[in-house]
Amino acid sequence: MRYPCVEISLDKIKHNTEKLVELCKKNKINVAGVTKVFCGEPKIAKTMVDGGVQILADSRIENLIKLREIEIPKMLLRLPMISQVDDVVRYSDISLNSELKTIKELSKKAVELNKKHKIILMVDLGDLREGIFDEEEIFLVVSEILKLDGIELIGIGTNLTCYGGVIPKYENLSRLVKIKMNIEKKFNIKLDIISGGNSSSLYLLENGEIPEEINQLRLGESIVLGRETAYGKNIEDTYDDCFKLIVEIIEVKEKPSVPIGEIGMDAFGNTPTFVDKGIVKRAICAIGKQDIDLGDIIPYDKDIEILGASSDHLILDITKCKNDYGIGDNIEFKLTYGGILKVMTSEYVEKNFRY
Ligand SMILES: *Cc1c(COP(=O)(O)O)cnc(C)c1O
């Protein structure tokens, strides 16, 4: 085994996916499985497909390119860059959009490649990340999209609880439904999809409060961590430890808890402060801020206290531990969403799969 490593339980991810797909199915909602937090790792994405997701979705086209062998529709979540329209049309079937200029470029490229590219138009319901805010602008953009070749407008969508922290409710999602109906009436077209958000919309399903016209959710965090993200509650009968970080100890020594000498700056230019706890037993582990943020790792051993880290060293207080940790031993951590993202992105963290 090489360390540090992240152990990925494909069984647990499959279980979580099945639970969420089932919950959504009861509400006649399709699930787009979001793969960005694990950098579009194909084995994990394939597991989501086995668990029943109808689409794979990612914010980066580079990740969708990794998934091109998996035969299922792919959706690009982040608004396309004009500089990437070639890859977007080639490697995604659907993209979320809010800018006519970009959609026109997608149209040109789709015609050139003799493809039909599908579009979900994003509406900003108040979270103030992407999407068209003004209702009149929505109709204007739709009228222009309908003139374009190579582009098929398949629906509208929204994203919430990302920038502004706005929580999806029956009221704001009903506005999305109403806009969809107005578009259909005004242009005499049919839109198949209303994409009603991410893992923060799930609590509405549990409460039976989601407008029944919403028929797609894009789920990432709820699948990998088993929690909804409006209130951060765990979802019943799901796992929160599909990803586990394992590190190796390279030094164990008893040392003072306050450094000796004048305190200047630490490795990141901050002036550190220390609580004097006398002599403590510390373990240094071979991982650092290049691979993790301190707030994103949660030791399984509750007696461990995280003291700090530099780029490549993690320092733990193991004074209170019942376990007698030594050099070469391992320490295991649960990960937050940000933690999974960072260890999956780090090329220094080995990825191990468990079935
Ligand atoms: C990341 C993302 C999602 C998935 O969000 P989760 O909270 O992980 O479920 C859905 N939609 C868009 C547009 C995203 O960028």
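Me: What volume does the largest cavity have?
Reply: The largest cavity has about 50 Å³. A cavity here is a set of points, on a 1 Å grid over the protein atoms alone, where a 1.4 Å probe fits but cannot get out. Points are joined across faces, edges and corners, and the volume is the space filled by probe spheres set on them. This is a predicted model, so to speak of local features pLDDT of at least 70 is needed, side-chain atom pairs count only at pLDDT 80 or more, and totals for chains, interfaces and linings use all residues. Residues are numbered from 1 along each chain as its sequence is written, and side-chain values use heavy atoms, with hydrogens and water left out.

Me: How many cavities of 30 Å³ or more are there?
Reply: The count is one.

Me: Which residues line the largest cavity?
Reply: Ser 59, Arg 60, Ile 61, Glu 62, Leu 76, Arg 78, Leu 79, Pro 80, Met 81 and Gln 84. Lining residues have an atom within 4 Å of a point. By class they divide into five nonpolar, two polar and three charged. Ala, Val, Leu, Ile, Met, Phe, Trp, Tyr, Cys and Pro count as nonpolar, Asp, Glu, Lys and Arg as charged, and the others, Gly among them, as polar.

Me: Pockets next. How much space lies in the largest one?
Reply: About 680 Å³. A pocket is an open set of points with protein on both sides within 12 Å along at least five of seven lines. The largest pocket is lined by 24 residues, and Pro 272, Phe 274, Leu 307, Gly 308 and Ile 315 lie nearest its centre.

Me: Which strand gives the largest share of that lining?
Reply: Strand 13, with four residues. Strand 10 (243-256), strand 11 (279-285) and strand 13 (305-309) each supply at least two. Strands are DSSP runs of E, at least two residues long, and helices are runs of H or I, at least four, numbered from the N terminus. The lining has 13 nonpolar, five polar and six charged residues.

Me: Where does the ligand sit?
Reply: In the second largest pocket, meaning that more than half of its atoms lie within 2 Å of the pocket's grid points. That pocket has a volume of about 400 Å³. Its lining counts 20 residues, with Lys 36, Asn 159, Cys 162, Asn 198 and Tyr 337 nearest the centre.

Me: Backbone now. Which peptide bond is cis?
Reply: The one from Tyr 3 to Pro 4, with omega near -5°. Pro 4 is in the segment before strand 1 (5-9).
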